[in-house]
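These are my notebook entries on one structure. I wrote down what I looked up, entry by entry.

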Amino acid sequence: MKARPPRNLFVTGATGGIGRELVRMFLEETPDRLFLLVRAKNSDSEEVRIEKLLKKIGTNGASKDRIRVVSGDLTQPRLGLSPGDWETVTRQTDEFYHIAALTNLGAEWDLSEKINLHGTNCVLETAKEALRSGRLKRFFYFSTAYVAGSFTRICSLEDELPENPSFANNYEATKYLAEKRVREEMAQGLPAVIFRPSIVVGDSKRGAVSEFKVIYPFWRLFAHGLLKKLPSRLENSFNIVPIDFVVEAAFHLSRRDDSVGKTFHLVTENPPTLGLLLRVKEEFGISSPVEVIPPEEFSVETLDPFEREIFSKIDPYLGYLTSSLSFDTQNARKFLRGTGTDFPKTDRNFLKKVLGYALEKGYFLKLTA
Ligand SMILES: NC(=O)c1ccc[n+]([C@@H]2O[C@H](COP(=O)([O-])OP(=O)(O)OC[C@H]3O[C@@H](n4cnc5c(N)ncnc54)[C@H](OP(=O)(O)O)[C@@H]3O)[C@@H](O)[C@H]2O)c1
């Protein structure tokens, strides 16, 4: 793999959970050079953030020479890049990887729209400039399987966006609009590939994850026994995938020229049920009893004021508790054949690793993020 000439990859979201793992993979498996769009945060400059990141992912000095930090922000015109960085990114990039997003399911509409939709528009404008300059070959976009809307009752197809999805939160809605924009540009000639992971959790080996986000805060409400009643069914399944599967699959798919124009569901084909999750939690002794009530019989009115307050926090997750959504995987199945990366097993053992890791790290003990 290292024998081919290096390419230049522009990556957004390198400091996030998926982005950092993909960056690690590029550094380890390819000779490619990376332009990483990073913003300053918590008094750390962009460079310091990447320095810390590289330490965390354990790369050596030689890898560092292949990284150029470009300071910017998704939501700014021209991504907030300096004129020099804009010139570099649009004239020298072979492949774009747009991974950054606001993944907080409970975020307000304005911020979700600003980062997920407007931010994607700004990245698309940059990519189109790179395409016009004659250099850009590929645009890889990280969408979500839940662009189909977690309240929607269909089998979602990979190469289509459903017409009238029923969304559970602003994240799903704004990611839907963003993918729509990417598809519009794809129809106009942008050589794009779309990845749609479901809910990403810890890795398949140890359940390890860099940050406890997305579904974890919801799980923590159970762990504290704060959530005693749930509108769902024990046989209801929820689609979680280990992060290493998502990263490896995206990496393999990005190596194939014929993936252009296609969308890939990076999901589990055998999602675990709520019943299994509750049993595994009990095995760990981290769960007080939860009463699972069929959604049509559940009423918020029966909750006491404190329970109601807690219940309001799970509003953005309700779609995952009552979901009848399933995912077609024809493209992913076909294109992953022979790569050594297969759809993940998300059984009892896997759940034990994922919850065990969070427990070991003390996540379930903390009340704040
Ligand atoms: N995690 C999941 O369960 C999941 C499931 C399906 C799809 N996806 C998709 O996969 C992608 C990556 O998800 P993730 O879990 O890795 O996300 P994450 O851990 O929340 O990281 C988000 C990344 O986006 C960056 N970002 C956010 N706003 C930005 C802005 N205004 N300018 C520049 N960078 C900005 C963040 O930078 P800072 O470090 O500066 O904040 C961070 O690097 C997203 O597109 C997400 O929608 C994720």
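**Entry 1. Thr-88**

In which helix is the place of Thr-88? I found Thr-88 in helix α4, residues 83-92. Helices here are DSSP runs of H or I with at least four residues, strands are runs of E with at least two, and both are numbered from the N terminus. I note that this is a predicted model, in which local features need pLDDT of at least 70 and side-chain atom pairs count only at pLDDT 80 or more, while totals for chains, interfaces and linings use all residues. Residues are numbered from 1 along each chain as its sequence is written, and side-chain values use heavy atoms, with hydrogens and water left out.

Is Thr-88 buried or exposed? Thr-88 counts as buried because its relative accessible area is 9%. Buried means under 20% relative accessible area, exposed means over 50%, and partly exposed is in between, with a 1.4 Å probe and protein chains only.

I then listed what Thr-88 touches: Phe-35, Arg-68 and Thr-93, not counting residues up to four places away in sequence. Contact means heavy atoms within 4.5 Å. With Arg-68 there is also a polar contact of 3.4 Å between the two side chains. A polar contact is a pair of N or O atoms within 3.5 Å; within protein, one must be able to donate a hydrogen and the other to accept it, and residues adjacent in sequence count only if both atoms are side-chain atoms.

Most residues other than glycine have a negative phi. I looked up two residues with a positive value.

Leu-79 is not a glycine, yet its phi is positive, about 60 degrees. I located Leu-79 in the loop between β3 (67-71) and α4. Its relative accessible area is 0%, so Leu-79 is buried.

Val-214 also has a positive phi, near 55 degrees. Val-214 sits in the loop between β8 and α7. I put Val-214 down as partly exposed because its relative accessibility is 26%.

**Entry 2. The cores**

Which residues have the most contacts inside the largest nonpolar core? They are Tyr-216, Phe-218, Trp-219 and Ile-314, in a core of 47 residues. Six elements each supply at least two residues of this core: β8 (199-201), α7 (216-223), α9 (274-284), α10 (305-313), α11 (318-321) and α13 (348-360). A nonpolar core is a set of buried Ala, Val, Leu, Ile, Met, Phe, Trp, Tyr and Cys residues joined through side-chain atoms within 4.5 Å.

Leaving aside neighbours within four places in sequence, I found Ile-314 in contact with Phe-218, Leu-221, Leu-227, Leu-230 and Leu-321. Another core lies apart from the largest one; it has 40 residues, among them Met-25, Leu-54, Val-241 and Ile-243.

I also checked Ile-310, which is in helix α10. Ile-310 is buried because its relative accessible area is 6%. Neighbours within four places aside, Ile-310 is in contact with Leu-221, Leu-226 and Leu-227. In soluble globular proteins, nonpolar side chains tend to be buried together.

**Entry 3. The ligand**

How many residues surround the ligand? I noted 26, of which the closest are Thr-15, Lys-41, Arg-49, Thr-103 and Tyr-171. A residue is near a molecule if one of its heavy atoms lies within 4 Å of it.

A polar backbone atom of Ile-18 is 2.8 Å from an oxygen atom of the ligand. For Ala-101, the distance from a polar backbone atom to a ligand oxygen is 3.3 Å. A backbone N or O atom of Phe-142 lies 3.3 Å from an oxygen atom of the ligand.

On its own the ligand has 900 Å² of accessible area, and the protein covers 93% of it. Accessible areas come from the Shrake-Rupley method with a 1.4 Å probe; for residues, only the protein chains shown count as cover. The elements α1 (17-29), α6 (170-187) and β8 give two or more residues to the shell.

**Entry 4. Thr-273**

Thr-273 lies in the loop between β11 (263-266) and α9. Thr-273 is partly exposed, with a relative accessible area of 27%.
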